[in-house]
Amino acid sequence: MMSIDSLDSLVVFQNKSEFHRAVRLIIDNVSFEKDVTVQVFEATIRVVGSLLSSHMILTNENNLLGDYRMPDYDGELLTMAHDIVLRMLPAFENTLTGLPYPRVNLIKGVLEGTINETCTAGAGSLLLEFGVLSRLLNDSSFEIIARKTNARLWNFRDKRTGLLGNVIDVQTGEWKGILSGLGAGLDSFYEYMLKAYILFGDETDLKMYLDAQDQIWTHMRKGRANCRSDDGQPPIYVNVDMRDGKVVNTWIDALQASFAGVLVLDGMIDEAVCFHALYYALWKKYGVLPERYNWHLKAPDVSFYPLRPEFAEATYLLYRATKSPFYLHVGREIIDSLNMHSRVRCGFATVHDVVDKTLEDRMESFFLSETTKYLYLLFDEDNPVNKNYSRLLFTTEGHIFPISNKFRDAESLSPILDLNVSCQSNLVEDTLFPPLNENRLTQIFKMMGYYGNEVQAS
Ligand code: DMJ
């Protein structure tokens, strides 16, 4: 998993020989003919996304990153991506709602007694990978499956609020998790509606995204209307009950930090600046991010930090959008504290407890596929990814897909957005100043319980 998931990071690091060596090792040694049960979502974003991204790099389908062609490459990674997706298809069959089972065995299909509950993001964030697979193979069936799944989830929205919960029963369609928020269980569902529109140009995806944004704004967003200019409490997005929009708890989670990146893609830079600042306060407080932080109690609810990328990702995307050196400074702090708290002899370790900084013997593959990639790109201004930024899209696992007319339906061909231009325009005059003035940043720090006097354990 780790070597597959980190393939295009080697391209970002411009290490052609290691990329080719890794591709060869994967072709020669990896087989999905295995009696193992995988999560459909994780296998899609980590394995399928990476194989597709690398295939496009190797075949020059994505030539924006440089010439990485390999003389003896014969489409094997695409064949592997096709193979594992075919093995996962039983997950989409025989449920009463048509929503997929979350887990499937790569040889035996859906095992008896398998769990019937899926999180919304797990079922509803497959469209980029399935869509690109379809377009590369010229076989629309995979994209159709992902689109049907999204449409079904969408139909299960609460009739009164328009909100989705975070866990649903794939047989009954009953919501088993009524929490509606931007973090775990829902995060990439929103992200993929917008990214699917950017990649494929289909207005249905944009409409869904805009509807979802309306509900988010109505039910979850609290605080002053414009964070960078109005008075009052800084904005914060709360977790609500999907049935009536009432606040259900007072925590935010680390995954939710990715929403700042979605806001950047949407061109809502001021909002993204403030959203990111909430997490910056937490990073300053702990030197890493707790998995869940209770902003009311001003303490972690869940204390581990598995080297997640979302805060680094948002920092990078905000830097691309604003060019404010503030984000370079934040990136430097992230790198320093990762080195200080989690670096070990053979890699980087999950922080078991953000307070005492004890470690676990675990390094998730997203650390190499995302966290390191975004931090590297933040500082490597001349990287081909940065030079071609408006023509590239990161999947939710950080894999790089080209935004190309080849992936867009002729009949729904809306213009490819130039993300650099639309995002920079807001703040271009402030480039040399921090995006938030000191008072506003201090206000956010206080709201998150960071007072500048915390002592970090080393
Ligand atoms: C990654 O696997 C992906 O970013 C996913 O969408 C959610 N979280 C992890 C990293 O935190």
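Me: Which residues surround the ligand?
Reply: Keep in mind that this is a predicted model. The ligand has Ile45, Ser188, Leu255, Arg308, Pro309, Glu310, Phe366, Thr396 and Glu397 around it.
Me: And how many of that shell are nonpolar, polar or charged?
Reply: The shell has 4 nonpolar, 2 polar and 3 charged residues.
Me: Where does Thr396 sit?
Reply: Thr396 is in the loop that runs between strand 17 (392-394) and strand 18 (400-402). The unreviewed UniProt entry also has a "binding site" annotation that covers Thr396.
Me: Is Thr396 buried or exposed, and why?
Reply: Buried, because Thr396 has 26 C-beta neighbours inside 10 Å, and 20 or more is what it takes to count as buried.
Me: What is Thr396 in contact with, leaving aside neighbours within four places in sequence?
Reply: Those contacts are Ile45, Ser125, Ser188, Glu191 and Tyr192. Ile45 and Ser188 are also among the residues around the ligand.
Me: Switching topic: which residues of helix 18 are buried?
Reply: In helix 18 (residues 438-447), the buried ones are Arg440, Ile444 and Phe445. They span an arc of only 140 degrees around the axis, so they lie on the same side of helix 18.
Me: Why would that spacing work in a helix?
Reply: An α-helix makes a turn every 3.6 residues, so residues three or four places apart point the same way.
Me: What's on the face turned away from the buried side of helix 18?
Reply: That face carries the exposed residues Glu438 and Asn439.
Me: And what covers the buried residues of helix 18?
Reply: The cover includes helix 12 (269-286).
Me: What happens just after helix 18?
Reply: Gly449 comes there, with a positive phi of about 80 degrees.

Technical notes
Residues numbered from 1 in each chain as written. Predicted model: local features only at pLDDT ≥ 70, side-chain atom pairs only at ≥ 80, totals over all residues. Buried ≥ 20, exposed ≤ 12 C-beta atoms within 10 Å, placed from the backbone. Helix = DSSP H or I, 4+ residues; strand = E, 2+ residues; numbered from the N terminus. Arc of directions from axis to C-beta. Contact = placed C-beta atoms within 7 Å. UniProt positions renumbered as here; feature names shortened; annotations may be inferred. Near = placed C-beta within 6 Å. Nonpolar A, V, L, I, M, F, W, Y, C, P; charged D, E, K, R; others polar.
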